[in-house]
Amino acid sequence: MKKRVFALFFKLGLTRLAAWRNRRRVMILCYHGVTARDRRMAEDPTGLHIRFPRFEAQLDYLRRNFNVVPLGEYLKARREGRRLPDYTLVITFDDGYRNFYTMAAPRLRERGLPASLFLTVGKIKESAAGGADAWSPEDDIEYLSWPEVVELKGVGVEVGSHTITHPMLSQLPPEEAERELRESFEAVAARTGDGAPPFAYPFGDYTPEVAERARMLGYSCALTTDAGANDPSEDLYTLRRVLIGDDDDEPAFAARVSGLAALIGRALPT
């Protein structure tokens, strides 16, 4: 039902109107992986790994319609009280699948688009297995190695923490949630040299107490998956993000990045 609504609103120009209304807010997109598979794998029923032709079309749409900046530039502007250009947007990837290295990063680099990568630290390998640059089906289920992470950082990819084991933080005892936040912070800081890395909550799950702990540990920010755009006053430790998936054709993608989908989502059934 939503896709039909998105298509109608796209045709009527309402998506563009929504983007204009949100032009001074910053949209942060949340991706997970990009794949060369012809069809969705059984392990990914919701389509978090996007087939690369659709991903390329999405990047081209962003390049035509938005000012894509690094997450660090957004945070710097917030610290300085400086307003970014209209239609500013940030791209992020969660988890650290190896297909970021073989599929997503080359396409971002070709278009000069920055991105941030949030690592499930306990799954990152100490050394690359074979080190092939070409995509293989295993890249959709395997994770990056630390040498690959360092290489990506060297070409401009920002690196952040996504905990050690990817738990629902709200369901952990406080001391266990603290350990997930602290140890992943320390690992990312040690490997990348970034003394204040960003953080993304696994499953977008957080509590006020967890957000405060991320603040106290020295993370530069923390990202949820609460849909919508970010006002200049948005708390840096509960920043909103919009999930992007393989089902998002151009009208659906346009609705998401304009902020219209978040509004429709409150009014229509899933």
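This is a predicted model: local features need pLDDT of at least 70, side-chain atom pairs count only at pLDDT 80 or more; totals for chains, interfaces and linings use all residues.
Next come the cysteines. A disulfide is a covalent bond between the sulfur atoms of two cysteines. How many disulfides does the structure hold? The count is zero. Take Cys30: the closest cysteine sulfur belongs to Cys221 and is 13 Å away, too far for a bond. To count as a disulfide, the two sulfur atoms would have to be within 2.5 Å. Seen from the other end, Cys221 is in no disulfide either, with the sulfur of Cys30 being the nearest one at 13 Å. Cys30 is buried, at a relative accessible area of 0%, and Cys221 is buried with a value of 0% too.

A pair of aromatic rings is described by the distance of the centres and the angle of the planes. The structure holds eleven aromatic pairs. In one of them, Tyr97 and Tyr143, the ring centres are 4.7 Å apart and the planes meet at 25°, so this pair is stacked. These two tyrosines link distant parts of the chain, 46 residues apart. Tyr97 sits in the loop between strand S5 (88–95) and helix H5 (99–110), while Tyr143 sits in the loop between strand S6 (116–119) and helix H6 (146–154). Tyr97 is buried, with a relative accessible area of 16%, and Tyr143 is buried at 12%. What about Phe199 and Tyr201? Their ring centres are 5.3 Å apart and their planes stand at 90°, so the pair is edge-to-face. Both Phe199 and Tyr201 are buried. They also belong to one aromatic cluster, together with Phe185, Tyr206 and Tyr219.

Rings turn up alongside charges as well. The charged end of Arg23 sits over the ring of Trp20, 4.1 Å from the ring centre. In another case, the charged end of Arg241 sits over the ring of Phe118, at 5.9 Å from its centre.

Finally, the salt bridges: a search of the whole structure finds 30. One of them joins Asp231 to Arg25, with the closest N and O atoms 2.6 Å apart. Asp231 lies in the loop between strand S9 (222–223) and strand S10 (242–243), and Arg25 in the loop between H2 and strand S1 (27–31), so the pair ties together parts that are 206 residues apart in sequence. Asp231 is partly exposed at 29%, and Arg25 is partly exposed at 33%.

Another salt bridge, between Lys76 and Glu80, has its closest N and O atoms 2.8 Å apart. Lys76 and Glu80 are four residues apart in helix H4 (residues 71–80), which means they are separated by about one helical turn. Lys76 counts as partly exposed at 36% relative accessibility, and Glu80 as partly exposed at 45%. Arg83 and Asp86 form a salt bridge too, their closest N and O atoms being 2.8 Å apart. Here Arg83 is exposed at 54%, whereas Asp86 is partly exposed at 30%. Lastly, Arg40, Arg51, Asp246 and Asp247 are linked in a network of salt bridges.

Definitions and conventions
Residues are numbered from 1 along each chain as its sequence is written. Side-chain values use heavy atoms; hydrogens and water are left out. Buried means under 20% relative accessible area, exposed over 50%, partly exposed in between (1.4 Å probe, protein chains only). Rings of Phe, Tyr and Trp (its six-membered ring) pair if their centres lie within 6.5 Å; planes under 30 degrees apart count as stacked, over 60 as edge-to-face and the rest as tilted. A charge sits over a ring if NZ of Lys or CZ of Arg is within 6 Å of the ring centre and within 35 degrees of the ring normal. A salt bridge is a side-chain nitrogen of Lys or Arg within 4 Å of a carboxyl oxygen of Asp or Glu.
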